[in-house]
Amino acid sequence: MATLKASESHCTGAKQRNCKSNIVFKFTESKITGQTFSRGTQLPGGLLQERDKRAKWQGIPTLLQKLYKSSHPNSDLLHAHGLIKVLSSQLSMEAMSFVTEDRKSAQESTFPNTHTFDLFGGVHLLVELLMRPTLAMQKKNPKNAVATVNDDLVKDCLSVLYNCCICTEWVTKSLAARDDFVLFLFTLMTNKKTFLQTATLIEDILGVKKEMIHLESIPNLSGLVQSFDQQQLANFCRILSVTISEPDLGNDDKHTLLAKNAQQKRNSSPSRAEVNQVTLLNIPGFIERLCKLATRKVSEATGANFLQELEEWYTWLDNALVLDALMQMATEEAEQSSTESSDESSLVPSPLRHRLPPSMKIVHEIMYKVEVLYVLCVLLMGRQRNQVHKMLAEFRLIPGLNNLFDKLIWRKLTLSNHVVHGQNENCDCSPEISFKIQFLRLLQSFSDHHENKYLLLNSQELNELSAISMKANIPEVEALVNTDRSLVCDGKKGLLTRLLTVMKKEPPDSSFRFWQARAVESFLRGATSYADQMFLLKRGLLEHILFCIIDSGCTSRDVLQSYFDLLGELMKFNIDAFKRFNKYVNTPEKFQTFLTQINSSLVDSNMLVRCIVLSLDRFQSQTEDVKVVEVLSECCLLSYMARMENRLAFLFRLVNIINVQTLTQENVSCLNTSLVILMLARRKAKLPFYLHALREKEYAEKYPGCLLNNFRNLLRFWQCHYLNKDKDSTCLENSSCIPFSYWKDTVSVLLGSDRTSLCAIASYIDEPFVDLDRDLLED
């Protein structure tokens, strides 16, 4: 203490002030008091100003130093707010340059102001200021004159934090690591004046958060959501999409079924995303409000320049929140101008209002609907699917979308720079493209293996299905009989028929074809319905598909795969479909082109191969039917598959292109198609012949044991994967019309250990090559 006193005795008046601003004094004082430096702004002001000149900090450390001094509890926040506005203007310019450069990976040197602001504790200070209880208490009193000031202060603090997140990923991650701050942000959403800034920041933070947030941990979530108006609820869906979707594992081996099964064994309890889905469904009126948002109408755009405006605007509008901000600013400007005197300057339109086209209201609505449809789609694919289905039907989502189809969802647009977008729903598309893709994904999820699929038709079309069944002398499908006619589509066409109409008009390589085909295929999936198939065949769907595969020059593998799958569901067990096929594919050249497309990627086309094999087997058992016999003798496709060597060639390739380590949800169908071929052979007592042919192929290719051992490993995996999953087994049974018990029995016979059994794979593997690579499966 003596040393300190001696030092202080020399520091009197002006000298004392200079002494305290000396860095040596600061360090000495920190050692004695134990209060060490915790932020850069604690350094002496003179030192910061001197260093600022060389480091080009743009005066940010000095501004932060002043902000620390003027933002302590019980201080007048007006001065602090003024400083924050100055800082905001400096940081917003960097954020804007980052957004306009398509959000390229930011480097600290690229955005020095943002880095400096964070380095000197600016982010920490704004978080502390926002979470200060006194500020929150003042905000709760709307009559308090300070409340308006505080609202603006909160908005500016949130904007600065958001700009920092845009430019520096580290800031976003550090904020995401603070659970208390994340939950606090949700409480700010109750204030409509700060909602947009809060929602934008939350969305960015949750996007990088390592662990998904528990929605049930948000204070009074139900009350919060119920307090939102429709505009806020639509924007809130952007946040919800992050909390209810399973994390993207990327395109690596984590996508393999082997890895997924292992993960399911480790984590048998519901995931956070699934828990969050249940939390949302328990909020009163939540699904009903989303259905109203998804189906509400908007005024038609007027003027011939609408399409051009739409193209120009989507190139830089980042999301619905940005658009909301623009709309809000325009509204505020209009309100302000109405209160100003009508002098010459007030007659000049503001730049913002001058640039906002009338069509932005439609873009606005489209962007809202994209978010809402995405949330509904995720919920439809979750564990609570049946509950969601019931509510969507009750709140007439499908009839509402049908009424919007021609006027909003699929207007006659011809964008000059049409770009083929991939099937990734997160692609950087225009609002119009994103809206269409989300709409098609929703239809796919809604129709897939569910009796509510008939809500996509209108009453007249349902009557047509009944008439088809009556004419064919077959009973109506139970789901059709049970359909509530008050919940189906209105108008002259149902949603499915409208979809078929636009599907035929798409360019050959349009990515919409992929999603359109998936949506129509989902209507056919499940137990095969002759009436459903004939309904689509009468509308020329088969000819359209064959044109796309054979004559259109389509080269997109995604589109071709979706058309192969759709063609398989459309033709399965339907003799009329095979007759139509033969009428269209009426030359050897066309048939060869068709086969070339199938063989170019068997992973893409194997579902169609399965359909042909299954249909051929059934038709061969119906030889008393003259029509069937006629088609069997004339159809080039059935004749081709009837030849044993062709079925064996498909079997060999199907088994050879997959192994346990590379099995995914996409290619596991190859395994099931190979099993279908062998099950049908077993029914006809020809299984030994097929297994012997595989052995001969192995030796001919000079790798004995490899193919059959690989197939044994695949079948062992099949047992582990399917015997504990009711849904998958039901799908296999419905799609093949082969009882699942026969699937299980056939796999057990093939895996039999008795080497004397002619139906066991082990009998065809020589002793030295038995169980090659089995350890890979066990690992």
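Tutor: Happy to! In this predicted model, buried residues make up 51% of the 779 residues in the protein chain. The chain holds 44 helices and 0 strands. Of the contacts with a separation of 6 or more, 76% are between residues 24 or more positions apart.

Now for the pair itself. Two packed helices are described by the angle between their axes and the distance between the axes. Helix α33 (residues 575–584) and helix α36 (residues 626–634) pack at about 35 degrees, and their axes are 10 Å apart. The crossing of α33 past α36 is left-handed. On the α33 side, the residues that meet α36 are Ile 575, Asp 576, Phe 578, Lys 579 and Asn 582. Their partners in α36 are Lys 627, Val 628, Val 631 and Glu 634.

Let's look at some other residues in this part of the sequence. The charged end of Arg 618 sits over the ring of Phe 573, at 3.8 Å from the ring's centre. Arg 539 gives another such case, lying over the face of Phe 535 at 3.7 Å from the ring centre.

Helix α35 (residues 602–620) is where you will find Val 609. With a relative accessible area of 1%, Val 609 is buried, since the cut-off for that word is under 20%. Leaving aside neighbours within four places in sequence, Val 609 is in contact with Ile 598, Leu 602, Met 641, Phe 650 and Thr 673. Val 609 and Phe 564 are 45 residues apart along the chain, yet their C-alpha atoms are separated by 9.0 Å.

Two further helices show burial on the scale of a whole element. In α25 (residues 431–447), 16 of the 17 residues are buried, so this helix is largely enclosed by the rest of the structure. From its first C-alpha to its last, α25 reaches 24 Å, close to the 24 Å expected at 1.5 Å a residue. After α25 comes His 449, which has a positive phi, near 50 degrees. Helix α5 (residues 60–70) is also largely enclosed by the rest of the structure, because 9 of its 11 residues are buried. Among them are Ile 60, Pro 61, Leu 63, Leu 64 and Tyr 68.

One last thing to find on your screen is the aromatic residues. The structure holds 16 aromatic pairs, and one aromatic cluster is formed by Phe 186, Phe 195, Phe 228 and Phe 236.

Note on methods:
Residues are numbered from 1 along each chain as its sequence is written. This is a predicted model: local features need pLDDT of at least 70, side-chain atom pairs count only at pLDDT 80 or more; totals for chains, interfaces and linings use all residues. Side-chain values use heavy atoms; hydrogens and water are left out. Buried means under 20% relative accessible area, exposed over 50%, partly exposed in between (1.4 Å probe, protein chains only). Helices (H or I, at least four residues) and strands (E, at least two) are DSSP runs, numbered from the N terminus. Rings of Phe, Tyr and Trp (its six-membered ring) pair if their centres lie within 6.5 Å; planes under 30 degrees apart count as stacked, over 60 as edge-to-face and the rest as tilted. A charge sits over a ring if NZ of Lys or CZ of Arg is within 6 Å of the ring centre and within 35 degrees of the ring normal. The expected span of a helix is 1.5 Å times one less than its number of residues. Axes are lines fitted to C-alpha atoms, for helices over the stretch in contact, and angles run from 0 to 180 degrees between N-to-C directions. A crossing is left-handed if the near helix is turned anticlockwise from the far one by less than a right angle, and right-handed if clockwise. Contact means heavy atoms within 4.5 Å.
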